[in-house]
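Dear colleague,

Please find below the structure that I am handing over to you.

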Amino acid sequence: MAEVKQRDGVQIDLISGQRLAGQTTMEKIRMILDGVRDGNIVILEEGLSPDEESRLIEVTMTEISPEEFNGIEIETYPRSETADASFLDRLMGRESAKKLTVIGPANQIETLHKDETLIQTLVSRK
C-alpha cells in the first residue's frame, strides 16, 4: 500500500473487492496484517471467504508478540443476499459471498454493537 504521512489520528484503509480479486489468499492476508501491524483499521468491501478468514486468524496467532503485536479484532456481516445475488444464484440456493469486514489492532478496536446491518466500533489511538 502507498505510504501515507502519519498524522494525529487513526488511518482507515478501505480496500475494494477489485483490488483483492487478483490476489492469492496469502497476498490478501499479508496486505491486511501489514496494515493492522502499522496500527491501521482495514475495511474490506467484499470480505474474505470462510477459508481465507480462518487462515488470517491462523497466521495472526503465529505473529502475536506481547511487545509488538497484540493480534486483530475482526467483525464481518453479510450484505443483503437478495439485493446482491443474481436470480440464478437465488434459484440455485447459492449464497452471496459479498460482505463487509472490519479488521483492526486488538488493542485499538472494540466492538460496541453488531447486528445484520450495522457494526459499531470504538477506535482508540495507541
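In strand β4, the bridge partner of Ile43 is Val102. Strands β2 (residues 41-44) and β4 pair in the antiparallel sense over 3 bridges; two strands pair if DSSP finds at least two bridges between them. Helices (H or I, at least four residues) and strands (E, at least two) are DSSP runs, numbered from the N terminus. Please note that this is a predicted model: local features need pLDDT of at least 70, side-chain atom pairs count only at pLDDT 80 or more, and totals for chains, interfaces and linings use all residues. Residues are numbered from 1 along each chain as its sequence is written, and side-chain values use heavy atoms, with hydrogens and water left out.

Buried means under 20% relative accessible area, exposed over 50%, and partly exposed in between (1.4 Å probe, protein chains only). Thr76, in strand β3, counts as buried because its relative accessibility is 15%. The side chain of Thr76 makes a polar contact with the side chain of Thr101, at 3.2 Å. A polar contact is a pair of N or O atoms within 3.5 Å; within protein, one must be able to donate a hydrogen and the other to accept it, and residues adjacent in sequence count only if both atoms are side-chain atoms.

Which residues are joined by salt bridges that share partners? Let me begin with the individual pairs. A salt bridge is a side-chain nitrogen of Lys or Arg within 4 Å of a carboxyl oxygen of Asp or Glu, and by this rule the count comes to 7. The side chains of Glu63 and Arg37 meet in one of them (3.2 Å, N to O). This pair links distant parts of the chain, with Glu63 in helix α3 and Arg37 in helix α2 (residues 25-37), 26 residues apart. Arg37 also forms a salt bridge with Glu68 (3.7 Å, N to O). Here the link runs from helix α2 to the loop between α3 and β3, across 31 residues. Arg37 is partly exposed, because its relative accessibility is 33%, whereas Glu68, at 64%, is exposed.

Within helix α3, Arg55 and Glu58 lie 3 residues apart, about one turn of the helix, and their side chains form a salt bridge (3.0 Å, N to O). Glu58 is partly exposed, with a relative accessible area of 44%. To answer the question above, salt bridges that share partners join Arg30, Asp34, Arg37, Glu63 and Glu68 into one network.

Yours sincerely
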